[in-house]
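Please keep the sequence and the structure in view while working through the numbered points.

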Amino acid sequence: AVLLLIVVLGVALGVALKRNSEPFKKTFIDRYSAELSMIFQIHCGKIWTAFEQAYVRKDPCKVPMEAYDPLMAAAPFKPACNRMMFWSKTKEVVHDFTAKKDCFLTLEDTLLGSVLDGLTWCGKEGSSDTFTAGCPGWTDCDNNTVRSFWNRVSAAFADAACGDATVMLNGSLATPFSPYSIFGSIEVKNFNSQRMKSLNVVLITQEKNVSNCSNASFKDLQKELDGGIKYNCKEVSEAQLQWCSSSPETPCGSCW
Ligand code: AVW
């Protein structure tokens, strides 16, 4: 009976102690998250100010990409060596792939890129507001608010590229590498051979593929590449890519 009493008392004490630790755990988590949320708010405020100064009170067709330099200084890219993925005319297929398989990182998968993907914004002379309607379209003028942003962040993303980088290009086009695209006009020019070892082209082909790796436009791409960067090209069917992204056991390196 004495032994039973000891066991019962022991269990009761254990339960009481656990109960008592619950309010303490709550205090701990509440205080910790209040502290973190304060740090986040200060951080987000700084990033917002650096972002906003690029275009507020300005003609939305007169925002050069350099206007976003302070934003890039405030929110630099963390290099993800061997995992960086560039693309041109393959937006849907590439993001479908990176969303399903955690091998590569596109600009739109980064914090800054994902926050602004798909959005339109601009300022107006004489106003301190940010507008989301009545802004110039992508091709209305060269130095528009949104286009200059993507040009500037693309330059920074390419500049951070290190190790082996990959680009998905569209094999259904007669000219998969266009020197007028962001990839051709900005990213390729910002690759740095001190950091980057190779550029691997993955040419996405469909049943009726128009071009292959011997396409003339890839000669232009290789000419643009900084001398120390190796070049490779591989044709991969869209079906193969989809199969790979939906098979979790297949390691990243075996998709092509
Ligand atoms: P893209 P990029 N009107 O597929 O190499 C509206 O040509 O240029 O690839 N939006 C446009 C227009 C237009 N006329 N042209 C381009 N865009 C926007 C950053 C639209 O959102 C990444 F790192 C389209 O989906 C890639 O490596 C996107 O620009 C590279 O730049 C891409 O156009 C892809 O640019």
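With which side chain does the side chain of Glu-108 make a polar contact at 3.0 Å? The model under review is a predicted one, and the points below begin with this residue.

1. The partner is Trp-87, whose side chain lies 3.0 Å from that of Glu-108 in a polar contact. The side chain of Glu-108 also makes a polar contact with the side chain of His-95, at 2.9 Å. Glu-108 itself is placed in the loop that runs between helix α3 (91-100) and helix α4 (111-116).

2. The surroundings of Glu-108 deserve attention. Leaving aside residues up to four places away in sequence, Glu-108 touches Trp-87, His-95, Gly-113, Ser-114, Asp-117 and Trp-150. Glu-108 is buried, yet no salt bridge is found for it. The nearest side chain of opposite charge belongs to Lys-91, at 5.4 Å.

3. Lys-91 does have a salt bridge, and its partner is Asp-117, with the closest N and O atoms 3.2 Å apart. This pair links distant parts of the chain: Lys-91 belongs to helix α3, whereas Asp-117 lies in the loop between α4 and α5 (145-159), 26 residues apart. Lys-91 is partly exposed, with a relative accessible area of 38%, and Asp-117 is also partly exposed, at 31%.

4. The search of the whole structure finds ten salt bridges. In general, side chains of opposite charge can pair when their charged atoms come close. One of the bridges joins Asp-30 and Lys-26, at 2.7 Å from N to O. Why are these two residues separated by about one helical turn? The reason is that Asp-30 and Lys-26 are four residues apart in helix α1 (residues 2-52). Asp-30 is partly exposed, with a relative accessible area of 39%, while Lys-26 counts as exposed at 52%.

5. A further salt bridge is formed by Lys-62 and Asp-59, whose closest N and O atoms are 3.9 Å apart. Lys-62 is exposed, with a relative accessible area of 60%; Asp-59, at 23%, counts as partly exposed.

6. Next comes the sheet. Strands of a sheet pair through backbone hydrogen bonds, either parallel or antiparallel. Here four strands form an open sheet in the order β1-β2-β3-β4, and the pairing is parallel. Its edge strands, β1 (85-88) and β4 (230-237), each pair on one side only. From one strand to the next, the twist averages 20°.

7. Inside this arrangement, strand β2 (residues 163-170) pairs with strand β3 (residues 196-205) over eight bridges in the parallel sense. For Asn-170, the bridge partner in β3 is Ile-204. Helix α8 (residues 238-245) packs on the sheet and touches β2, β3 and β4. The direction of helix α8 makes about 90° with that of β4.

8. The last point concerns Ser-237, which is found in strand β4. Is Ser-237 buried or partly exposed? Ser-237 is partly exposed, with a relative accessible area of 31%. The side chain of Ser-237 reaches the backbone nitrogen of Gln-240 at 3.1 Å. Ser-237 and Trp-256 are 19 residues apart in sequence, and their C-alpha atoms are 9.4 Å apart in space.

Definitions and conventions:
Residues are numbered from 1 along each chain as its sequence is written. This is a predicted model: local features need pLDDT of at least 70, side-chain atom pairs count only at pLDDT 80 or more; totals for chains, interfaces and linings use all residues. Side-chain values use heavy atoms; hydrogens and water are left out. Buried means under 20% relative accessible area, exposed over 50%, partly exposed in between (1.4 Å probe, protein chains only). Lys and Arg count as positive and Asp and Glu as negative; His and the chain ends are not counted. A salt bridge is a side-chain nitrogen of Lys or Arg within 4 Å of a carboxyl oxygen of Asp or Glu. A polar contact is a pair of N or O atoms within 3.5 Å; within protein, one must be able to donate a hydrogen and the other to accept it, and residues adjacent in sequence count only if both atoms are side-chain atoms. Contact means heavy atoms within 4.5 Å. Two strands pair if DSSP finds at least two bridges between them. Axes are lines fitted to C-alpha atoms, for helices over the stretch in contact, and angles run from 0 to 180 degrees between N-to-C directions.
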